[in-house]
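The exercises below ask you to work through how two parts of one chain meet. Look at the structure first, and then follow each solution step by step.

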Amino acid sequence: MTLVEIKEGNVAEIKKLSGGRSFIEKIQGFGLFVGSKVRLERKAPFRGPLLVEDIENDARIMIGRGMAAKVEVEVLESKKS
Amino acid sequence: MNHKKTGEITIALAGQPNCGKSTIFNAVAGFRVNTGNFAGTTVSFTETQVHFEGQTFRLIDLPGTYSISSHDPAEKVARDFLLSGQADVVINVVDSSLLSRSLEFTLQLLEMNVPMVIALNMFDDAQKKGIEIDTRKLQELTGAEAYPVVAVRGIGIPELFRAVLKLTRGGFHPVPPVYDRDVEEDIQKLQENYPAALKTSLPIDPRFVIIRLLEMDKAFEQKAEEIDPDFSRLAAETRRRSAELHNWPEENVFSSHRHAIVLNLFEQVTRVRPRSRLAVAERLDRFLINPIGGFLGVMVLFLLMFSAAFGLGNFISELLEGPLVAGGNALGGFFSGIALVIVSGLYSGMVAGAGIVLPYLIPLLLMMAIFEDTGLLPRIAFMVDGILHRFGLHGKSVVPLILGYGCSVPALMATRNLENPRDRVRTMLIIPFIACSARTVIILALAGKYLGAFATTLIYLGNLAIALGVCFLLSRSGAKADPGIIMDVPRLRMPPGRIILKKVWLRLYEFLAFAWIVIIISSLALAFLSYLGIDQAINGTLAPLSSGVLRLPREIGITLFLGIFRKELTLIMLAQALGTSNISTLLSHTQILVLVVFTVLYIPCIATLSTLWKEGGWKLAAGSVLLNTTVAVVIAGAIAWTAVLL
């Protein structure tokens with residue numbers, strides 16, 4: 001499952017960053033590593049970016065869908081929505 | 001930026017974006033700063049001189065970088081600057097409230113082995129979040145002195161400079177990260193085989209080069225390949241085996257090792273308590289990222305911006321007009337002949353500059369600073385990125401585009417927020433198409449008066465469509481895949497007024513020190529040209545365009561030419577050129593439409609051009625002239641000739 005596919009409010013752990021060197025560098029620069037836990041706060045309208053909370057760093061990051069589709073995750077807590 | 005005065009200490013501010021580097025910079029900068037681009041790039045830096053305890057410092061604000069790789073142009077430029085040895089000391093600015101993430105970059109700086117001091121900025125925010133940082137422990141584990149700083153209130157900055165002074169006398173003993181045993185063995189082995197030729201061509205710490213190779217850094221790989229292909233192969237082989245051993249992808253095996261060290265370091269230097277939340281800001285924020293609330297918020301903010309640009313701008317502009325014109329006329333009483341030409345040329349240049357600065361630049365720069373420093377910018381970007389993406393733009397382009405309706409100059413300055421050079425260039429090329437307030441006045445005065453409200457609205461919307469259309473075409477031509485947006489969404493906060501005002505002043509200074517001078521010089525040139533009576537010559541030269549392509553009277557040539565200096569001049573001089581203030585007696589409705597469309601789209605004004613030149617280089621400015629003029633000629637020409645054929 002990728003970050004784009006999970007529901008708003010769900011908490012997930014990053015399992016794999018499946019992209020090239022520059023993608024990995026970029027996303028890790030924002031503190032998202034394999035093993036990081038994130039909460040998907042919101043998906044922007046008109047196929048806009050995702051608003052993600054990096055739980056360990058207590059930071060919020062917006063990630064475009066293209067990039068988020070390369071982040072493989074496993075849902076830890078799902079929230080009914 | 002290569003010259004270095006003796007006795008001057010050069011400090012580079014390095015850190016991740018939004019860590020408050022620029023706040024520290026602005027807090028200590030005098031009233032003058034220099035901005036420029038790194039040679040051959042659109043990556044800009046800012047520098048200033050600081051005097052502290054009898055010592056002169058040259059302070060350079062490097063672009064914010066998340067890491068030091070070669071993949072991102074800004075990061076490469078910042079790293080190359082740090083490696084060049086031009087900085088005596090580096091101040092690593094860290095967002096304390098995001099300490100663990102910031103430490104990734106700190107460790108990379110330690111590996112570069114440049115003398116550095118750590119500025120734990122936003123120390124108060126970290127405390128609010130419940131993060132207690134043991135600065136002494138951090139010092140012990142990194143070898144770099146660390147100081148708590150709250151840049152917006154000036155806290156901790158003198159201590160930083162004192163620490164820098166101390167470091168310049170020597171005694172920097174960094175404690176670079178020590179990796180797991182197998183990684184260290186790999187590094188050791190590569191160090192033993194490190195080719196002498198590589199050492200001479202890359203005069204930096206071999207350990208750093210080896211780590212870059214293990215991290216798959218393109219620039220270093222190329223260099224190694226060029227100098228010693230065997231060594232490059234050995235490094236690649238080592239990396240592959242390490243990746244297999246740990247069952248990690250090759251691309252991030254090394255950074256994962258560093259990440260583990262960072263997590264460990266973070267745990268050792270901090271104590272995290274449960275935090276107390278800022279309820280009001282949090283609630284407002286929840287509203288702003290909600291689809292309905294977000295768009296509502298965006299609309300309100302844009303309306304505010306529009307009214308600031310128009311209402312306030314035009315109000316101030318009208319207030320100033322009377323006295324300024326009277327002043328210009330009064331000059332005739334004191335001077336005559338060539339002296340009058342020079343004085344009135346200088347005067348009108350200064351007036352033209354002031355006519356931009358006071359009514360438009362100041363309110364818009366203020367707005368821009370507020371957008372940036374409160375954290376509203378990323379929230380707006382979040383809401384509109386999806387839409388702008390379709391036109392090949394970026395969520396962050398939205399603020400420059402909106403500012404463009406006020407004045408192109410601050411809009412171009414605002415593109416600095418776009419880190420990706422391609423996005424930035426594209427946005428800079430679009431801005432001159434957008435009808436700024438000066439051109440809106442022309443639309444209203446000509447189209448509004450003679451063509452009616454419907455046509456005026458249509459022209460306005462058509463203008464936006466053309467801007468977005470050009471952007472769409474530009475994005476098609478640059479066929480590179482879009483990496484997509486990724487940006488921090490910091491907490492909403494209220495920056496102190498002093499910080500905002502300083503920021504506005506420093507940007508205003510940049511305009512005054514460059515663009516204003518260009519405007520004054522060109523006004524002087526213009527005064528001479530009209531003194532020499534070249535109106536006729538210009539009308540003649542432009543005749544193929546004005547009467548040929550656009551089918552307008554040839555007398556309009558001079559007004560189009562003057563419009564390059566200040567767009568309003570086209571309007572002001574029109575009556576004079578045609579010899580009547582009732583334009584509709586001489587021009588048909590189609591001709592008025594053609595004139596308005598052409599004036600709005602063709603060559604950007606001198607102030608815009610000089611800002612383009614400064615922000616993106618002369619090639620970009622020339623490209624912009626070409627692009628705008630081509631689009632203007634094609635569209636206005638098409639309207640003129642369609643009317644003839646129909």
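**Exercise 1.** In this predicted model, find how far apart the C-alpha centres of domain 1 of chain B and domain 2 of chain B lie, and describe the area buried between them.

*Solution.* Begin with the centres: those of domain 1 of chain B and domain 2 of chain B are 25 Å apart. Next, take the division of chain B, in which domain 1 covers 9–168 and domain 2 covers 181–272, while domain 3 covers 524–645. Then turn to the contacts, where 25 residues of domain 1 of chain B meet 22 residues of domain 2 of chain B. Finally, the two domains bury about 2100 Å² between them, and 66% of this lies on carbon and sulfur atoms. On the side of domain 1 of chain B, the residues that lose the most area to domain 2 of chain B are E104(B), L107(B) and E111(B), which together account for 25% of what that side buries.

**Exercise 2.** Identify the salt bridge that R79(B) forms, and state which elements give two or more residues to the side of domain 1 of chain B that touches domain 2 of chain B.

*Solution.* Across the interface of these two domains there are two salt bridges. R79(B) forms a salt bridge with D217(B), and their closest N and O atoms are 2.8 Å apart. Between the two domains, five residue pairs are in polar contact. The elements asked for are α2 (73–83), α3 (99–112), β7 (131–133) and α5 (135–142) of chain B, and α3(B) supplies the largest share, eight residues. By class, this side of domain 1 of chain B has ten nonpolar, eight polar and seven charged residues.

Definitions and conventions. Residues numbered from 1 in each chain as written. Chains lettered and ligands numbered in written order. Predicted model: local features only at pLDDT ≥ 70, side-chain atom pairs only at ≥ 80, totals over all residues. Heavy atoms only, no water. Domains from an automatic or database assignment. Contact = heavy atoms within 4.5 Å. Buried area = accessible area lost by both parts, 1.4 Å probe. Salt bridge = Lys/Arg side-chain N within 4 Å of Asp/Glu carboxyl O. Polar contact = N/O pair within 3.5 Å; in protein donor to acceptor, adjacent residues only side chain to side chain. Helix = DSSP H or I, 4+ residues; strand = E, 2+ residues; numbered from the N terminus. Nonpolar A, V, L, I, M, F, W, Y, C, P; charged D, E, K, R; others polar.
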